[in-house]
Amino acid sequence: MTDGLTVSGLSFSYGPKVALNDISFELEPGQFCALLGPNGAGKSTLVSLLTRLLVAPKGDIRIAGHDLRGASRSALADLGVVFQQPTLDLSLTVRQNLSYFAALHGMARGDVPARIGAALERLDMHERADEKAGALNGGHRRRMELARALIHRPKVLLLDEPTVGLDAASRAAITDHVHDLADQGLCILWTTHLTDEVRDNDRLLVLHQGEILADGRCGDIRGDSPLKDWFLSRTKVAA
């Protein structure tokens, strides 16, 4: 049993269309794993299953050792999520957004200020705490969502294409921040269709047509070819 993320024999279909076919992988604490796949590969379905927005009829998911099917409350309590679509209240300040999220998690009121401070400090957002979320640029809004995902101290962090719509500098900053979180012991699953977000030392899962096409260290998988070229040749789509 691991404090990371374990997926075993996971399958899911939308009627006759197979979205995921017998997916299995295991991620350890302190590991950054990029789940790379073209649009339609099954990434969004996997995210929905991991967050229990969908329930798989076949296969098992364990989050920090908790069975998502049989102990969903405990499993989800150890999961932090940054969804692809922003879910902030732009009329509230950064601190107010985080306080509201803390209340939803049932945190003791006396613990909340310190938790918020630690999460914002971790993401270099402490000086922005009293600014309205609507006044932040895209990169700082994403950092704020990261801080929110960390406030309950999860053991596993799931990020669903978190850099969509950001400029190059903001994308690089978010990627650096999340790698730092992995270095601090967090288990990270980062979904993307962008090959330039994956580093050679990252664990790489390549998902294509609902199946795992490759699993290993990125540098070993791509070999002598740039990852973009390797990915294009295997999936026949623009990377």
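Select Tyr14: this residue is partly exposed, with a relative accessible area of 41%. On this scale, buried means under 20% relative accessible area, exposed means over 50%, and partly exposed lies in between (1.4 Å probe, protein chains only).

Some ground rules for the tour. This is a predicted model, in which local features need pLDDT of at least 70 and side-chain atom pairs count only at pLDDT 80 or more, while totals for chains, interfaces and linings use all residues. Residues are numbered from 1 along each chain as its sequence is written, and side-chain values use heavy atoms, leaving out hydrogens and water.

**Stop 1**

Two strands pair if DSSP finds at least two bridges between them. β1 and β2 are antiparallel, with 7 bridges. They make a hairpin with 2 residues between them. Click Gly15 in that turn: its phi is positive, about 65 degrees.

Contact here means heavy atoms within 4.5 Å.

Move along β1. Of its 10 residues, 7 are buried. Its pairing with β4 is antiparallel, over 5 bridges. Select Val7 and look across to Ile61 in β4.

Next, follow β4 (residues 58-63) to β5: 2 bridges join these antiparallel strands. Ile63 has His66 as its bridge partner in β5. Ala64 sits in the loop between β4 and β5. Its phi is positive, near 50 degrees, in a residue other than glycine. Is Ala64 buried or exposed? Ala64 is buried, at 6% relative accessibility.

**Stop 1: rings**

Rings of Phe, Tyr and Trp (its six-membered ring) pair if their centres lie within 6.5 Å; planes under 30 degrees apart are stacked, over 60 edge-to-face, and the rest tilted. The count by this rule is 2 aromatic pairs. For one, select Phe12 and Tyr14: their ring centres are 5.1 Å apart and their planes stand at 75 degrees, so this pair is edge-to-face. Phe12 is buried, at 10% relative accessibility.

For the other, select Phe32 and Trp190. Their ring centres are 5.7 Å apart and the planes are at 40 degrees, so the pair is tilted. It links distant parts of the chain: Phe32 is in strand β3 (residues 32-36) and Trp190 in strand β8 (residues 187-192), 158 residues apart. Phe32 is buried at 6%, and Trp190 is buried at 0%.

**Stop 2: the six-stranded sheet**

β3 and β8 belong to an open sheet of 6 strands, ordered β6-β7-β8-β3-β9-β10, with mixed pairing. Which strands are at the edges? They are β6 (79-82) and β10 (211-217), each pairing on one side only. From one strand to the next, the twist averages 15 degrees.

Zoom in on β6 and strand β7 (residues 156-160), which run parallel and share 4 bridges. Val81 has Leu158 as its bridge partner in β7. α6 (residues 168-183) lies across β3, β7 and β8, at about 150 degrees to β8.

Between β9 and β10, find Gln209 in the loop. Its phi is also positive, near 50 degrees. Gln209 is exposed, with a relative accessible area of 62%.

**Stop 3: the cores**

A nonpolar core is a set of buried Ala, Val, Leu, Ile, Met, Phe, Trp, Tyr and Cys residues joined through side-chain atoms within 4.5 Å. The largest has 44 residues; Leu146, Leu157, Ile188 and Leu204 have the most contacts inside it. Helix α5 (residues 138-150) gives the most to this core, with 5 residues. A second, separate core of 29 residues includes Val81, Val156, Leu189 and Leu207.

Definitions and conventions
Axes fitted to C-alpha atoms, helices over the stretch in contact; angles between N-to-C directions.
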